[in-house]
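User: I would like to go through this model term by term, asking each time what a label rests on. Please begin with the surface.

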Amino acid sequence: DDVKKAFALSYLNDQLWYGTVDIDPEDIFEPLCYRYILQDDNGQLVYEFGNDRVVEPDDRKATKIVLSDTWNHAGQYENVFYTAPFANVLLTQKPAKYLAEKKPARPTHEFRVKAPLLKPHEIICVSGSAAEMYNWDKEDVLLLSKKDNWWMLQLDLSKAAFPLEYKYGIYDTASKKFIRFEEGNNRVLLSEDGKDALTIIHDGFAKLNNINWKGTAVAIPVFSLRSKKSMGVGEFTDLKLLVDWAKTTGLKMIQLLPVNDTTSTFSWKDSYPYSAISAFALHPILLNVEAVA
């Protein structure tokens, strides 16, 4: 993770950067994590979002690992669903139960894609132009399995004809039926890299443009909260009651107006809630005296 020693890629065309790194196999005894960084003409660094690009130690001893990755733009709206509020609270549904595809003895390709907003009985599938992908047969698609943030599938495409086109889709495990393909053009694998290579394809997000998340929320200043035990000017401890009320009424989120200390001039100017002196110093007027004691 030393940026000064980052490996520089070369510009291939209007879509691809590429590069080759030689690594001693003895050095890969634990998962290898990596990420991409863009450096502009002024030396400014732009990091792609996330830290979940991982290469596991290769059990089948491939002589070459090919990583085909899509830049993860921080502004991609799907990224918000991997932050703590969604990952730990709002999107904690249990994964659907189904029989995953059997892993081949010597896989040549591993497909990885993200889809954070599937319904409880939905999983990601894939189909394509190769016989190993059932030649676009919607009645017989390949089902991906979920690991961490990625939907994944390993295939042996050593006998497939390239270039190969494919698309991800949605499969309903309850009705055991294919639902639909993702939007946009077909994805393309241009060539194979040999039987001794393992190609790992991070395809970014499945293009499910009409799927989004909706939740109702309440925005409130803490000073407007009232409870039987409070002093009447709003207290941090009243937030627990607000959370209980939001849970009872089916609200998904609470947004608070600024609660940070603004005391700097000791005058009426300090009442302006957006001129906080710190991002961490909570305003003392909102403390609960009994709780502090």
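Analyst: The accessible surface of the protein comes to about 19800 Å², and 54% of that area belongs to carbon and sulfur atoms; such areas come from the Shrake-Rupley method with a 1.4 Å probe, and for residues only the protein chains shown count as cover. This is a predicted model, in which local features need pLDDT of at least 70 and side-chain atom pairs count only at pLDDT 80 or more, while totals for chains, interfaces and linings use all residues. Residues are numbered from 1 along each chain as its sequence is written, and side-chain values use heavy atoms, with hydrogens and water left out.

User: How do you know how the radius of gyration of the protein stands against that of a compact globule?

Analyst: The radius is taken over C-alpha atoms, and the globule rule is 2.2 Å times the number of residues to the power 0.38. For 293 residues a compact globule would have a value near 19 Å, whereas the protein has 25 Å. The C-alpha trace spans about 75 × 50 × 35 Å along its principal axes.

User: What makes a residue of Arg-180's accessibility count as buried, partly exposed or exposed?

Analyst: Buried means under 20% relative accessible area, exposed means over 50%, and partly exposed lies in between (1.4 Å probe, protein chains only). Arg-180 has 22% relative accessibility and therefore counts as partly exposed. In the protein, buried residues make up 32% of the 293 residues.

User: Where does Arg-180 lie, and which residues does Arg-180 touch?

Analyst: Arg-180 lies in strand β14; helices (H or I, at least four residues) and strands (E, at least two) are DSSP runs, numbered from the N terminus. There are three helices and 18 strands in the protein. Contact means heavy atoms within 4.5 Å, and, not counting residues up to four places away in sequence, Arg-180 touches Gly-169, Ile-170, Leu-208, Asn-210 and Ile-211. Arg-180 and Lys-138 are 42 residues apart in sequence, with 8.7 Å between their C-alpha atoms.

User: Why is a set of residues called a nonpolar core, and which members of the largest one touch the most others?

Analyst: The name is used because the set consists of buried Ala, Val, Leu, Ile, Met, Phe, Trp, Tyr and Cys residues joined through side-chain atoms within 4.5 Å. In the largest core, of 35 residues, Phe-111, Ile-124 and Tyr-166 touch the most other members. Elements giving two or more residues to this core include β8 (109-114), β9 (122-128) and β13 (164-172), and β13 gives the largest share, five residues. Leaving aside neighbours within four places in sequence, Ile-124 is in contact with residues including Val-113, Leu-142, Trp-151, Tyr-168 and Leu-208. Apart from this core lies another, of seven residues, among them Leu-225, Phe-236, Leu-242 and Val-259.
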